[in-house]
Amino acid sequence: MSVRTNRPFRRLLTTTAAVLAGAALVAGCTSNEPEEDPDAAGETGNGGGDAPAGSNDEPGETVTIGFSGPLADHGWLAAVNESAIAEAESYEDVELRTAEATNDASLQISQIETFINEGVDAIVLLPTDGAQLTEVATRAMEAGIPVVNVDREFSSPFAARTTILGDNYGMGVSAGTYACQLIEDNGIEDPVIAEIAGIDSLPLTQDRSQGFADALDACGQTVDNRVAAEFTVESGEEQASNLLQAAPQIDVVWNHDDDQGVGVKQAFDNAGRDEFFFIGGAGSANAMRWIQDGEMEATVLYPPTQAADGIRLARLLAQNKGMSDLVQVEVPRRIVLNAPVVTQENVDQYMHLGFES
Amino acid sequence: MSEQTPAAPQETKRTGTPGGAPPADEHRRVEAAAAAEGDTRSRFGRFMGSSFGRNLGLVIALLVLCAVGVATAGDRFASTDNMLTILRLASGIGVVSIGMTFVIIGGGIDLSVGAIVALSSVWATTLATQRMAEDTHWIVMVFTALAVGVGCGLVNGVLIAYGGMAPFIVTLAMLAAARGLAELISERRTQIIEVRALVDFINGDFLGVPVLIWIFAVVSAIGWVLLNRTTFGRRTIAVGGNATAARLAGISVKRHTVLLYALLGLACGIAAVMLMARTTTGSSTHGLYWELDAIAAVVIGGTLLTGGRGTIVGTIFGVLIFMTLTNVFTLNNLDSSTQAVAKGAIIVIAVLLQQRVAARSDSS
């Protein structure tokens, strides 16, 4: 009896020990310290260093800015958060309060309430969900704290002093217009145009697709094949693999997001297909390197520096300054960032904006 | 093994003719008895009882899907290339689903498979691991992924078996923790694999068929043998069917439960390696929602969620049905919302079909 009860237990122990030893061995493998210095992410935030400094960059009275953003679950958002923090650090007159990144709207609401109670001078807010954060942002405004709304818009104009947005519809338009140009320049007749979208239920995806369709419509084209991935590498690979089967010959393909683009690119490589012009979106460092190497035609930028710009604007608002490049004395109500197309010709100019996905 | 083998020869001695019947006779006698029993059922009933028959509902569903594919997309669907694409995309989730089949037959559930895949892929692609792999051999990365997978599975299993916690809760906790750890290690970045040898080998072809599909085939074969031809498989069914009875019959239920979760962890590790090669990356977003896909495939395959019954073949059909569905929809350029609705409908229809067919084969 004792033999029968002991043996399996001992075997379990040895198995556990062996696996634990194995785990201990690989535990050393969690280190992710890169050998070369990662300058890309740092540089995005320090763009102010080499820009011609107006009188606005000179230190003024010290202001406290509260910053709250969603959990950085992909490369673009991580770059947004990092560049915002780096931007704040580059000003000696800015004291940044950073709230723990979260995807929980109610937690983010309580973070903003804390900022209000602390009496910060300005708040930069990239909401997890614009509509859900509108009420608390309005309260902050009523308490006399200017709110800078970044990327995801509030549902009320009274909730923010200034809104700074990327242009999702404009991204689609840029991609579509560039596709039209490619078709015309290369004299492609009856082109097959494919689109690999992001998560279809998100308004930003719908805006991008609408812009793409509208721009194509302007040159008499339509999207022939469309799939939707989930902004992840794996889903990008899966959807692109199926897309390649659906369309034996493609002339232009636009992929909404360079994070999922790593998988999309791999699916193209796996299938040995490169007969088309491959246009990306967002502007990751990977995509820019592919463009340099000629493996990708272009990518449409969705600037990851919005929150960093938000910090700058919040500082100006708190110090009662205007934007020195505008005649207008006050900071504008609304800034929509351009979505330029990055190609082999101009990639060097945009390389420092590329984020590591 | 030791509990059951001694009983069998005794039985033979007791029931066999004096002087001892040769094993061949014994075998024939059993077959004759089975045939006699079969006589009470219709020819249809006997057919339905066979392993093919049990999965007939799934075969029909898959054939209907293929017919729709051929009718709407023609050669684009029926090409070898497309078939290989479907199988290649099915391979990773397929391996996880086979592991999941064992856990569910054994009366458990694992919600953390996707997160374990993510953690394994991230751990195996950190710069440190990749450097080590470059200095030695890419197999280091494979070993790391498998070790992380088994490690997570063991934690799940030990907490469930010896901690007395519900599988749903333990694996839900692992789902959160493993993906969180993956995000911490990767700093939420996509880790590109620079060790080309690994990618080239696993993403390459062997005898004209992608290695990914070979891995899926081998894991399926091992899974089938393990479930149907070994004591381990029979114990799994016993533990899932009635844990108390299994314990009284001398099976160490706790130890077996740990083994089942470790096995699934191993499957997750294998799937992580496959995903790493397919996408050339390790990422904390790998395997998102795989727990739901795997459980859906297993349930469609006719495995009881309460445990005690299930087949590997059914699970493979379940995975293939899902992948073929996505493929046919993409070939026809239908949008993702329509796909989601169809997937929901297919789950219900396939399970209904499966239940009807199974009920008929049991009653007739």
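Guide: The dialogue below treats confidence, then domains, then helix packing.

Guide: This is a predicted model, in which local features need pLDDT of at least 70 and side-chain atom pairs count only at pLDDT 80 or more, while totals for chains, interfaces and linings use all residues. Residues are numbered from 1 along each chain as its sequence is written, chains are lettered from A and ligands numbered from 1 in the order in which they are written, and side-chain values use heavy atoms, with hydrogens and water left out.

Visitor: What is the mean pLDDT of chain A, and what is that of chain B?

Guide: pLDDT is the predictor's confidence in each residue, from 0 to 100. Chain A has a mean of 85, with 85% of its residues at 70 or more. For chain B the mean is 83, and 83% of its residues reach 70 or more. The model as a whole scores ipTM 0.76 and pTM 0.78.

Visitor: Over which residues of chain B does pLDDT stay under 50?

Guide: Where pLDDT is low, the predicted coordinates should not be read in detail. In chain B, residues 1–24 stay under 50 and have ten contacts beyond four places in sequence, a contact being heavy atoms within 4.5 Å. Residues 33–39 of chain B also stay under 50, with one such contact.

Visitor: How is chain A divided into domains?

Guide: Domain bounds come from an automatic or database domain assignment. In chain A, domain 1 covers 60–166 + 304–321 and domain 2 covers 168–301. Their C-alpha centres lie 32 Å apart.

Visitor: At what angle do H10(B) and H16(B) pack?

Guide: Two packed helices are described by the angle between their axes and the distance between the axes. Helices are DSSP runs (H or I, at least four residues), numbered from the N terminus. Axes are lines fitted to C-alpha atoms over the stretch in contact, and angles run from 0 to 180 degrees between N-to-C directions. H10(B), residues 139–161, packs with H16(B) at about 150 degrees, the axes being 7 Å apart. The two are therefore roughly antiparallel, a term for angles over 145 degrees.

Visitor: How do H8(A) and H16(B) cross?

Guide: The axes of H8(A), residues 233–246, and H16(B), residues 253–279, come within 10 Å and cross at roughly 65 degrees. These helices are therefore roughly perpendicular to each other, the word used for 65 to 115 degrees. From H8(A), the contact involves A:Val233, A:Glu234, A:Glu237 and A:Glu238, and from H16(B), B:Leu275, B:Arg278 and B:Thr279.

Key. Parallel < 35°, antiparallel > 145°, perpendicular 65-115°, else oblique.
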